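The structure comes first, then the notes by topic.

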Amino acid sequence: VPGTLVRVPLGRREVLGVVWNPPVSLENAEHDMALKPVGAALDALAPLGEAWRDLVAFAARYYQRSIGEIALAALPPQLRDLSGTQLARRLKRKTAAGPVAETAEAAHPVALSAEQTAALARIEAGEAGTFLLVGSTGSGKTEVYLRCVADLLARDPEAQALVMVPEINLTPQLEARFKARFGDEAVVSLHSGMTNPQRLASWLAAHSGAARIVLGTRMAVFASIPGLKLIVVDEEHDPSYKQQEGARYSARDLAVWRGQREGAKVILGSATPSLESWHQSRPAEGEDPGGRYVRLAMPSRIGAGELPTVRLVDMNLQPPKTVISAALLDAIGQRIARGEQSMVFLNRRGYAPVLACGDCGWKSECPHCSAYRVFHKIDRTLRCHHCGFTERVPRACPACGNPDIAPVGRGTERLEEHLAELFAAVTRPDGSAVRIARIDADSTKKQGALESQLAAVHSGEVDVLVGTQMIAKGHDFRRITLVAAVNPDGALFSSDFRAPERLFSLLMQSAGRAGRDAAYLAAQGATAEMWIQTHHAQHPLFSALRRHDYTAFARQQLEERAAAGMPPFAFQALLRADARTQEAAQAFLNAASAAAEALEGADRVVRYPAVPLAIQRVANVERAQMLIESPSRAALQRLLAQWQPLLHALRRTPEGKGVIRWLVDVDPHSI
Ligand code: ADP
Ligand code: ZN
Ligand code: ZN
C-alpha cells in the first residue's frame with residue numbers, strides 16, 4: 001500500500017524505504033533492472049497518508065532535491081534502525097487519541113480583549129484559508145492561538161493542530177503554556193534538541209493521532225499529522241524558518257502550501273511580518289484584487305500596556321570611544337536601584353571580533369577562511385566562527401613578537417565585563433551587588449544552561465541581562481523595563497537587501513521585551529523604554545521604529561523593492577558552487593549559465609554574472625554564486641526543473657572538474 005514503510009535490500013545493506021507509487025508501475029517497467037523482493041513491511045504502522053506524500057513530493061520539486069532525501073529527513077532517525085517487531089512493541093505503548101483533559105487553566109481561561117475576540121471570530125468564520133495575524137509584541141497572539149486550538153479540538157474529536165516556533169529555545173515556554181491548557185498527554189514536541197527515542201515517540205504520537213497538538217521548530221512542518229486542521233506559524237518573519245543546508249526549504253512557505261492542500265487553516269503571526277506575507281495580505285485596491293491572505297490586526301498591548309518609548313542616542317555627539325552613553329548608563333542605574341531589570345542587546349558574541357597588533361598590523365585572520373577569528377577571553381582562544389578553527393591566544397604578535405596585541409571592537413563577553421566595571425558602585429534596593437548575566441550561543445552550550453539562565457532572569461536574580469538576538473525574541477519577561485541596542489548600525493548599510501527588514505524586526509522584537517506587564521509598570525511607577533545608540537539617528541528606519549510604525553516601514557521598503565524589481569515582486573534562486581579555486585567555482589557557474597540559454601522559457605529568467613560570496617573562502621573552500629530572477633514564480637520553477645539534469649551532467653565535464661559541490665537555493669534569504 002503506498003505510504004507503507006518497508007525495509008529493502010540495497011547492495012549489501014538493508015535500508016528504510018517508503019512505498020511511493022502504486023505497485024502497478026512495476027509491471028510495465030521498461031528498464032531491465034533485476035528487482036529484489038522487499039525485505040519486510042513495517043505494517044504495524046499505518047501507511048503515511050497521501051497528503052503527506054504530496055507535501056514531500058512538492059517540497060522535493062520546488063526546492064530541487066530528491067523525494068528520498070526529503071522523505072528520509074522528515075522521518076525520525078530511529079525508524080531506520082527498528083525491526084518490525086521492535087516497532088510493534090513501541091506502538092503498543094501508545095494509546096489512541098483521547099478526549100483532551102480539562103486542566104485547571106482550561107477551566108478558567110482569561111477573558112479575551114476586544115482585538116483578540118475580533119481576530120478569533122474572523123479566523124473561525126470561514127472553512128479554510130491563510131491568516132496573517134499582525135499583533136504588537138505583548139498583544140496576546142499566543143492566547144489567540146490557544147483559543148483557536150481549543151475550539152478546534154472541542155469541535156472535532158479527530159482534529160490535530162501543528163504549532164511552530166522559530167527556535168528551540170522558545171519551545172519550553174510554549175510547551176508549558178500548551179500543556180497547562182490541554183494537559184500533558186495532548187501535546188508533543190518535535191525539534192532537533194530532542195534525543196532520538198524522544199523524537200520517535202513524538203512522531204509516533206502525531207502519526208497515530210494520539211497527540212492532538214504538535215509543537216515544533218521548522219522540521220515539524222514535515223510531521224505526519226493525519227488529522228491536521230490548523231497550522232500556526234508564530235514569528236512567521238523569522239529567518240530560522242528557512243533551512244540553510246541540504247534541502248533549503250522554508251517551513252513557513254511549506255506550511256501555507258500544506259494548509260491549502262489539506263484544507264487546514266493557517267495562522268501566520270508576527271509583530272513585524274515578512275514583507276512577502278505583508279504584501280500577500282494587502283487589501284484589494286482598484287485593479288489590484290489584493291493578496292491571498294486575510295490580514296488581522298491587534299495593535300494594542302494587553303492590559304492597556306504601552307509599547308516602550310524609543311530613545312535614540314546620537315553617538316556622533318558622544319565623547320570618542322564611548323561604548324555606553326552617560327544617559328543610558330544613568331537610565332540603567334536608576335532601574336537597578338528600583339529593583340527593575342534591563343536588557344542590553346549586542347548581536348556579536350565573543351570578547352572582540354578581532355585581535356590586532358598595533359606595531360606591524362597583524363590581525364587574527366583565520367588561515368582557512370576569508371574572515372577574522374574572534375577573541376574569546378573566557379578560555380583565551382581565537383575561534384573562527386565559520387570553520388571552527390580554534391587556537392590559544394598567542395602571547396605575542398606571531399608576526400613581529402610585539403607583546404601588546406589588543407582586542408579591537410566589542411562582543412557580548414567584553415560588554416558584560418565593561419558593564420560590571422561601570423556598575424560596580426551601584427547597589428540593588430537590598431544593598432547587595434549588581435548582578436549581570438550574559439546569554440548567547442557560548443553561554444548556553446551545556447544542556448540545560450539556557451533554561452537555568454532564563455529562570456534566573458524570570459525569578460529576578462539578574463539586574464542586567466546582556467545577550468545576542470537569542471534574548472530578543474519571544475520571551476515573556478515580566479520585569480524588564482528597559483531594553484538597549486548598543487551598536488545596531490552594521491545592518492543599515494549591508495549589501496543584503498533584506499538587512500533593513502531584519503534589523504527593523506529584531507529591534508521591534510527587542511523593544512517588545514520591555515514593559516510587558518502593565519500592572520508591574522504601574523506599581524513601579526516606571527515607563528518602559530527602548531534605547532538605541534546609533535551614528536545615523538536620522539535614518540528613516542529609526543524614525544519608523546520610534547513610532548512603532550511597521551506599516552510605514554513596510555510601505556517604504558516595498559516601494560523600493562517594487563522599483564528595483566526585487567522580492568516579493570520578483571522570485572529568485574541562487575546557484576552556488578564550491579571549489580578549490582574561485583576560478584573553478586565561477587567557471588562552473590558560467591558554463592551552467594551558458595547551458596541554460598537554450599532552455600525553454602529562458603528569456604523570462606534573468607541570470608546574473610557569477611560572483612564570490614561575501615565570505616569568499618571557508619575552510620579552504622572557495623565559494624561563488626549566481627543569482628537568477630524572474631517576475632514569474634512559474635517561469636523560474638520551469639527553468640530550474642529543466643536545468644537540474646544539465647547541472648548534474650556539467651559536473652562530469654571539464655568545467656565541473658574542480659567543483660566540490662553545487663547547490664540550488666530557491667527563495668534564498670541572504671544574497
Ligand atoms: P504576544 O505573543 O503577542 O507577544 P502573549 O500571547 O505572550 O503576547 O501575551 C502577553 C501576555 O499577556 C502574556 O503573559 C499572556 O498570558 C497575557 N495575556 C494574553 N491575553 C490576555 C488576556 N486576554 N487577558 C489577560 N492577559 C492576557
Ligand atoms: Zn606585530
Ligand atoms: Zn575559519
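**Helix pair and overall fold**

Helices H6 and H7 cross in a right-handed sense. The model is predicted. The notes below take up the geometry of this helix pair, its contacts, and then the chain as a whole.

**Geometry of the pair**

- Two packed helices are described by the angle between their axes and by the distance between those axes.
- H6 spans residues 114–125 and H7 spans residues 141–155.
- The two helices pack at an angle of about 40°, and their axes lie 10 Å apart.
- Angles under 35 degrees would count as roughly parallel and those from 65 to 115 as roughly perpendicular, so H6 and H7 are oblique to each other.

**Contacts between H6 and H7**

- On the H6 side, the residues in contact are Gln116, Leu120, Ile123 and Glu124.
- On the H7 side, they are Glu143, Val144, Arg147, Cys148 and Asp151.
- By class, this contact has four nonpolar, one polar and four charged residues.

**The chain as a whole**

- The protein chain holds 20 helices and 26 strands.
- Its radius of gyration is 27 Å, close to the 26 Å that the globule rule gives for 671 residues, so the chain is as compact as a globular protein of that length.
- Along the principal axes, the C-alpha atoms fill a box of roughly 85 × 70 × 60 Å.
- Of the 671 residues, 52% count as buried.
- Among contacts between residues at least 6 apart in sequence, 76% join residues at least 24 apart.

Note on methods: Residues numbered from 1 in each chain as written. Chains lettered and ligands numbered in written order. Predicted model: local features only at pLDDT ≥ 70, side-chain atom pairs only at ≥ 80, totals over all residues. Heavy atoms only, no water. Axes fitted to C-alpha atoms, helices over the stretch in contact; angles between N-to-C directions. Helix = DSSP H or I, 4+ residues; strand = E, 2+ residues; numbered from the N terminus. Parallel < 35°, antiparallel > 145°, perpendicular 65-115°, else oblique. Left-handed = near helix turned anticlockwise from the far one by under 90°. Contact = heavy atoms within 4.5 Å. Nonpolar A, V, L, I, M, F, W, Y, C, P; charged D, E, K, R; others polar. Rg over C-alpha atoms; globule rule 2.2 N^0.38 Å. Buried < 20%, exposed > 50% of the residue type's maximum accessible area, 1.4 Å probe, protein only.
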